[in-house]
Amino acid sequence: MKMLRFRTSSIRSLNQEIQCTVRLLDDTEISCSIQRDTKGQFLLDHVCNHYSLLEKDYFGIRYVDPEKQRHWLEPNKPIVKQMKSNQPYTMCFRVKFYPHEPMKIKEELTRYLLYLQLKRDVYHGRLLCPFADAAYLGACIVQAELGDYDPDEHPADYISDFKLFPKQTHKLQRKIMEIHRTELRGLCPAMAELNLLQRAHTLETYGVDPHPCKDFTGATAFLGFTATGFVVFQGNKRIHLLKWADVSKLKFEGKTFYVIGIQKEKKLVLTFHTSTPAACKHLWKCGVENQAFYKCAKSSQIRTVSSSNVFFKGSRFRYSGRVAKEVIEASSKIQREPPEVHRSHFAQSKSFNSLSNKQLIMNMEPLLPALPGPIEGEEFPADSGSWAEPPFPCLLGPA
């Protein structure tokens with residue numbers, strides 16, 4: 001009779017510590033140790049505790065797998081089961097759900113973190129804007145981080161030392177300096193950041209994390225999800241906006257993504273093709289989460305959804321977390337002494353010092369994303385193109 005052998009290595013592996021590094025919005029990093037059964041919520045809570053952040057529902061942890069596919073860390077699943085890369089793990093803390101009305105954010109700390117995300121969105125070309133808006137956003141960043149213009153401290157070309165936009169022309173720099181010297185003078189960092197939030201949230205690409213794909217004609221398109229609904233861009237022009245109230249179902253099969261809804265009292269089916277099945281599943285999960293967060297009045301209304309028809313086996317997924325209305329209500333009830341906001345500035349920021357010295361492809365003609373590395377990869381669409389080719393005319397031409 002054979003003797004049964006029990007392997008003790010599996011028991012030891014449960015207690016094995018795994019190192020995680022999370023890159024924050026100002027490019028600083030924090031680390032912690034996890035075990036094999038540690039769930040994603042622990043890591044998000046760890047970062048929020050580092051900041052003393054209460055309005056944490058807007059944020060998430062993002063990572064990139066070895067195939068350069070981006071993912072959001074699911075809070076209710078073990079981290080180890082989600083990660084496909086080798087240890088130690090490296091991830092990024094980012095804004096996952098952009099507040100529809102930034103003015104309803106209760107704490108200055110939360111507004112500052114949203115400001116840092118929008119500054120990244122501007123730099124990486126995700127937040128497209130007309131010339132006048134680009135100049136104003138750039139001036140808000142300069143005012144927030146350098147303070148008032150001082151001719152004794154700031155040389156004639158002081159803006160040129162800092163990379164604010166992927167395509168930063170001399171004309172744009174001159175306009176930024178003009179606004180910085182006049183309109184924004186006297187604003188403290190918190191007010192300059194708030195001005196940026198107020199202007200940025202009115203732009204069509206506010207909160208859009210562009211997913212590259214092909215439409216039914218084979219043309220390149222970028223899909224995104226906002227507080228308003230599902231959006232489609234071609235180049236830098238929005239060609240579709242389907243409000244969440246009119247979206248009845250999101251589904252995918254293989255590399256094909258479907259948006260089913262109602263428009264002008266008629267059924268609408270939009271079909272798109274992604275580069276890989278993994279990219280399509282990620283797109284679908286992002287859509288499901290955004291629809292639940294912005295559309296539902298209560299988290300108790302959220303249901304598990306299937307990726308395909310009921311008669312076919314498909315992926316099942318459920319957003320776990322509070323919805324936007326609940327988050328705003330909870331924010332209004334915060335009663336505490338506001339935590340101190342530790343701001344990073346141009347002179348301290350790794351993102352401006354290191355990125356401006358790299359020969360990034362995205363800063364050259366034509367405008368293309370940099371080749372993704374272990375960290376930068378999470379900043380760019382999983383496609384060889386940018387939002388628009390050739391470079392955005394809105395950053396080159398007049399207002």
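Predicted model: local features only at pLDDT ≥ 70, side-chain atom pairs only at ≥ 80, totals over all residues.
Residues are numbered from 1 along each chain as its sequence is written, and side-chain values use heavy atoms, without hydrogens and water.

The protein has ten helices and 14 strands, taken as DSSP runs (H or I, at least four residues, for helices; E, at least two, for strands) numbered from the N terminus. Of its 399 residues, 53% are buried, that is, under 20% relative accessible area with a 1.4 Å probe and protein chains only. The accessible surface comes to about 19800 Å², and 53% of this belongs to carbon and sulfur atoms; areas come from the Shrake-Rupley method with a 1.4 Å probe. Among contacts (heavy atoms within 4.5 Å) between residues at least 6 apart in sequence, 60% join residues at least 24 apart.

The largest nonpolar core holds 98 residues, among which Met 91, Phe 93, Leu 113, Phe 230 and Phe 257 touch the most other members. Such a core is a set of buried Ala, Val, Leu, Ile, Met, Phe, Trp, Tyr and Cys residues joined through side-chain atoms within 4.5 Å. Helix α5 (residues 131-146) supplies the largest share of this core, ten residues. Beyond residues up to four places away in sequence, Met 91 touches several residues, including Cys 20, Val 22, Leu 43, Ile 61 and Met 83.

Five cavities of 30 Å³ or more are present. A cavity is a set of points on a 1 Å grid over the protein atoms alone where a 1.4 Å probe fits but cannot get out, and its lining residues have an atom within 4 Å of a point. Grid points are joined across faces, edges and corners, and the volume is the space filled by probe spheres set on them. The largest cavity has a volume of about 250 Å³. Its lining comprises 21 residues, of which Trp 72, Lys 96, Tyr 98, Gly 207 and Asp 209 lie nearest the centre. Two or more lining residues come from each of β5 (89-95), α4 (108-123) and α8 (277-295), with α8 giving the largest share, four residues.

Lys 56 is placed in the loop between α2 (40-51) and β3 (59-64). This lysine counts as partly exposed because its relative accessibility is 28%, between the 20% and 50% limits. Apart from neighbours within four places in sequence, Lys 56 is in contact with Asp 45 and Cys 48.

Technical notes:
1 Å grid on protein atoms, 1.4 Å probe; cavity = no way out; pocket = protein on both sides within 12 Å on 5 of 7 lines; lining within 4 Å.
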